Amino acid sequence: MRCCHWLTLFLMLAMPGGAFADTTEEAPVRTVLAADGRSFTVGAPGFSEFHAGFAATIQRDGRALVIASANGERVGTAKLTTEATPYGRAEMKATTLRFEAERVELLFHLGQVPGGTGVLVQAGIRNIGKDPINVSFLTPLAGEFRALGNPADWLVTRLDNSVGKMPPVTPLGNIREPLNVHEYGGFYRQDGTGFLFGPVGAPLAYANARFLSGDEGKVKFDFTAEMSGVDVDPGETRWGQQVALLMEPPRPALAKWAEWVAKTHKAKTPKGAMMGWNSWNLLGQKVPSQDVLGVVDAVLKSEGRLVPSVIQLDDEFKQLAVRLADDAAPPSELSAYARQIVATGARPGLRLEFSREANGGKAPALADIAKVVRNAVRIGFTYLKIYYPTAAEQRGSKQTSFEAVRAAFDNIRQAAGADTYLMSCAREPDRAAVGLVDSSRMSTEASRTTIRSAMTDALRCFQLHDRWLTIDTDPYYIGTDISNISQITGGWPLVRTWMSMVGLSCGTAITSDPLHWESFRPYWRNTEVLTPPARERTEVLDLGTGSDWPRLVGHVRRDWGDSTVALLWNPGNAERTVKLDFAEAGMDPHRRYAVWSFWDNSYLGVAEGSWTTPRLGPAGSQHLRFTELDREPSKPVLIGSNLHIYCGAAEIGNVTSLQSGMEIELTDAGAREGDLFLYSRLPPVLKAATGCTVTGIVSAGEYAWRISLRDRRRGATQRIEVGIPLPVTRQPWFWLLIAAAVAGVLLAAWRYVVSLRLEREHALEGERTRIAMDLHDELGANLAQIGLLSELARRQLDRPEQARGQLNKLFAATHEISRQLDAAVWAINPANDTLDNLVQYLCKCSQEFLSLANIRCRLAVPVELPHVALTSAQRHNLVLTVKEALHNVVRHAEATLVTIRVLLPQGLLVVEIEDDGKGLPVEKLSPGQDGLGNMPKRLEQLCGRCEYFSGADGCGTLIRLTMPLPRP
């Protein structure tokens, strides 16, 4: 059969006619059906000369016949149709080729995936003869293409390993013999260019692909539906499985393909993942019944630390399970186990094997399988582990092997009922079981000596979890360093890596380790951190583009904060580092992330752009959580939790973060004791803990803090409140106080300014009043005198001598008025408000006044005067006092010399007026002689004083005027 299958390919590659236009690497994905309907071309980035045909392999009269499209005659013209897909309607072309000698017609549908991201092909056969035919294969794609670039950069990845045990990844340049790939896989260049291939559409048949590296860089490729020798009667049409080439990078292509199959195969995943224990293999020993009861007892006494959702009877109980075929006497021992398991709150589980070997070398009938399943459920088992249903041997002549297996699973589901949890133990997820079972084994046996080989199988299936069904990784192991007990090949680093894969798959997690042994009690925590499995989705970053897959990444999205959990591990046999590029992992490369390690339970620092592990030994790993720090840098951030292996995705219910503290609400998930890690620039302090005990909060690195918990109470509200004592400068009351102080200062300043303005206005008003009084008293009297003198002069015009005397007096009065006005203007002019201007004015006035009286004037003034501002009142009073003193000298002293000195001792202004006259009178001042009395009063207004001193022998007088000066 296989020879005929490859003969099809070579016949089509030799087909005549039809030159195909080469596509370029930049061209969009497109398909073109040849005008004769016998071949088609594909244009896509990374490929050229991609042309193919289609074929069927049939049996007629005991002979195998290859029906190749290159040899057919077109019937009618190609028809344009559309077909519904989960991603919209696909445009399709339908063509029919007739083969008269073989009395069959070859049917073919060619289309494009909605959005132009891939190719859809499907082949069918119609029997136009008089006798039945038998169909072995329907091949919708058999062709050849040139892969651009270095052949060593192109990788064929086998994502389903249920047929054969070939290496999962093969470089194109290493393919010397035809390379088989069952169901689905990838053909990608290491930069992500290429395609994912796999079955889509209605569930009809298994599909297989083959690759062969040809000459000149060409690749022979065919994709075939296994029809398993189904009979096609005269006039009957039979279609093979539709297949697709999704020409997108591996990660989006895998997600799209898995969801496509899930929708067309009616997948159901409401029951989710199971956590528990089975009796498959107890440290390589037989499992006596007392061990099962011991586990039940340990669960009941664990005070909520062990909470399995299933406890399953496995290999050692299969002989009892066989007796379930007897309706009259089902084994009472099994029902007793079921009752005791139910008491723990777990589902009772049972292994049921329907292989030929378990049935005496003969495949059991579907009716017998249904009977065993019904009886198992009837006596209390609601979790059934189904081993190898050999339904392919029971199919009718109208069923493909795929349809027969699907019918067998449907038969089991009908017998078990909707509520029973079914787990298929076929060692690879089987597309035929999608929609009919709840979970499926996804790896080869992960015994204590074969864990490493199971890892690769497990990683190939991560993208199927919660799309097709729940994935089951086979047992995990909770302890490896107990003396003389554990013999796990690879030791503790490998077990940690395997447990991380189990936990990050978010699938079913089952252990067979003796939970009831006292020596295993310290390792219960390894079970707790997996309970229950999280409901995230983890991607294997290098699937399809790398020869190994060292990076697993899952994103946790929550209203209270997002994080990324990554397992970076060493798949090789020598030490190496593993780098995680943040942009490639779906993180923001421009943000800062706190890096926290689950197994080390420690904070590793802050990273930006990427993270590189230290050198890891074979199967060694780092299990890390990355938490962004830049969103709200002023608030504390939860950056780690070792309570659950998904580092916060399951055990954290809610987080409320403020500058002043944080409130963390926990669920029942995860370990009963452990640590939470915060990132805060200020140290947190415990405010309250409900439903658990906080044993301490300590520093865990720069700005990192560890909160240690114990005694978490299942079923109770669990809440932790921590405060962040803010420094004085960040306390609200501090800023209120500052605001109050500033307001007080501003108010005081405003009041001071207002008082200054009022004082200035009052002083100005006083100055105005003084000036008005001076003008009124002095100028008024002088003006009155001028008027009187003018009238007298007018009356004496006829007497020239008398008139001349009156005019002289009039001139003197006018001059005095001018002097008084000049003095008033000088006093109020603000430009004169300096000590220098005052001294200059005093000197000028003194010289002018004394010269009129023929008295010599001597001045003694400092060369430099300080720049001191004086008020008009100070200048006015001091000038009037000096003038008064000089006036007294002129009128009474009979002096010939007046000496005026200006002194500046220690912040004082001292003006001394000394004459050489006859001295002060001895008698008291008469009422008309009040000049000397006014002078001290004027100085007192300036906070100064006026002093009189007589010279020797009563000759001469010294008047000292002292006034304080303001600061410069």
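Before the first stop, a word on terms: strands here are DSSP runs of E covering at least two residues, numbered from the N terminus. With that in hand, select Tyr 603, which sits in strand 33 (residues 602-608). Keep in mind along the way that this is a predicted model.

Is Tyr 603 buried or exposed? Its relative accessible area is 14%, and buried means under 20%, so Tyr 603 counts as buried. Now show what surrounds Tyr 603: setting aside neighbours within four places in sequence, its contacts include Trp 596, Ile 639, Phe 677, Tyr 679 and Glu 702. Ala 700 is another of those contacts.

Next, the aromatics. A search of the whole structure turns up 38 aromatic pairs. Start with Phe 54 and Phe 108, a stacked pair with 4.0 Å centre to centre and 5 degrees between the planes. Phe 54 belongs to strand 3 (residues 47-60) and Phe 108 to strand 8 (residues 104-112), so this pair ties together parts 54 residues apart in sequence. Phe 54 is buried at 0% relative accessibility, and Phe 108 is buried too, at 1%.

For an edge-to-face pair, jump to Phe 582 and Phe 626: 5.5 Å centre to centre, 70 degrees between the planes. Phe 582 is in the loop between strand 31 (579-581) and strand 32 (592-597), while Phe 626 is in strand 35 (residues 621-628), 44 residues away. Both Phe 582 and Phe 626 are buried.

Then go to Tyr 87. Lys 256 lies over the face of its ring, 5.4 Å from the ring centre. The charged end of Lys 263 also sits over the Tyr 87 ring, 5.7 Å from its centre.

Last stop: helix 6 (residues 366-378) and helix 7 (residues 401-416), whose axes come within 8 Å and cross at roughly 35 degrees. The crossing is right-handed. To see the contact, show Leu 366, Ile 369, Ala 370, Val 373, Arg 374 and Val 377 on helix 6, and Ala 408, Asn 411, Ile 412, Ala 415 and Ala 416 on helix 7. Colour them by class and you get nine nonpolar, one polar and one charged.

Methods
Residues are numbered from 1 along each chain as its sequence is written. This is a predicted model: local features need pLDDT of at least 70, side-chain atom pairs count only at pLDDT 80 or more; totals for chains, interfaces and linings use all residues. Side-chain values use heavy atoms; hydrogens and water are left out. Axes are lines fitted to C-alpha atoms, for helices over the stretch in contact, and angles run from 0 to 180 degrees between N-to-C directions. Helices (H or I, at least four residues) and strands (E, at least two) are DSSP runs, numbered from the N terminus. A crossing is left-handed if the near helix is turned anticlockwise from the far one by less than a right angle, and right-handed if clockwise. Contact means heavy atoms within 4.5 Å. Ala, Val, Leu, Ile, Met, Phe, Trp, Tyr, Cys and Pro count as nonpolar, Asp, Glu, Lys and Arg as charged, and the others, Gly among them, as polar. Rings of Phe, Tyr and Trp (its six-membered ring) pair if their centres lie within 6.5 Å; planes under 30 degrees apart count as stacked, over 60 as edge-to-face and the rest as tilted. Buried means under 20% relative accessible area, exposed over 50%, partly exposed in between (1.4 Å probe, protein chains only). A charge sits over a ring if NZ of Lys or CZ of Arg is within 6 Å of the ring centre and within 35 degrees of the ring normal.
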